[in-house]
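Here are my notes on the model you sent over. Have a look at the sequence and structure first, then follow the numbered points below.

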Amino acid sequence: MIHIPKAQDVFDKDGNIIVLEANEDGGDDGNNVESAANAENQWQKYCGRCFSQLEWWADAAKRHKEFVDPFDDSGQRNAP
């Protein structure tokens, strides 16, 4: 699972990254203004790290399954 705090403020309804725009007068209303390329690059890096971790966990689970059968019904895994 990829956690994205305030996802409604990060992505639009089509899943594109929302980039804050500077006001015409050059102010930013107290928001951090960043370029579209920079915002997209940061989110791609974040999601890339998340998917790398997911791949690592999937591989670890696959390897562990070779030693411990998760579907073993010996009763040790079941609560009373």
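Predicted model: local features only at pLDDT ≥ 70, side-chain atom pairs only at ≥ 80, totals over all residues.

1. Tyr46 is partly exposed, since its relative accessible area is 24%; here buried means under 20% relative accessible area, exposed over 50%, and partly exposed in between, with a 1.4 Å probe and protein chains only. Its place is in helix α2, where helices (H or I, at least four residues) and strands (E, at least two) are DSSP runs numbered from the N terminus. Leaving aside residues up to four places away in sequence, Tyr46 touches Ile2, His3 and Ile4, a contact being heavy atoms within 4.5 Å.

2. Residues are numbered from 1 along each chain as its sequence is written, and side-chain values use heavy atoms, leaving out hydrogens and water.

3. How many aromatic pairs does a search of the whole structure find? There are 3, where rings of Phe, Tyr and Trp (its six-membered ring) pair if their centres lie within 6.5 Å, with planes under 30 degrees apart counted as stacked, over 60 as edge-to-face and the rest as tilted. One of them is the tilted pair of Phe11 and Trp43, at 5.9 Å centre to centre and 50° between the planes. Phe11 lies in the loop between α1 (7-10) and α2, and Trp43 in helix α2, so this pair ties together parts 32 residues apart in sequence. Phe11 counts as partly exposed at 23% relative accessibility, and Trp43 is partly exposed at 21%.

4. Trp43 also pairs edge-to-face with Tyr46, at 5.5 Å centre to centre and 90° between the planes. Trp43 and Tyr46 are separated by about one helical turn because they are 3 residues apart in helix α2. Phe11, Trp43 and Tyr46 form one aromatic cluster.

5. Helix α2 itself covers residues 36-65, and its 30 residues should span 44 Å at 1.5 Å a residue; the end C-alpha atoms are 43 Å apart, which agrees. The expected span is 1.5 Å times one less than the number of residues. Ala39, Cys47 and Cys50 are buried in α2.

6. To finish with the whole chain: the protein chain has 2 helices and 0 strands. Of its 80 residues, 6% count as buried.
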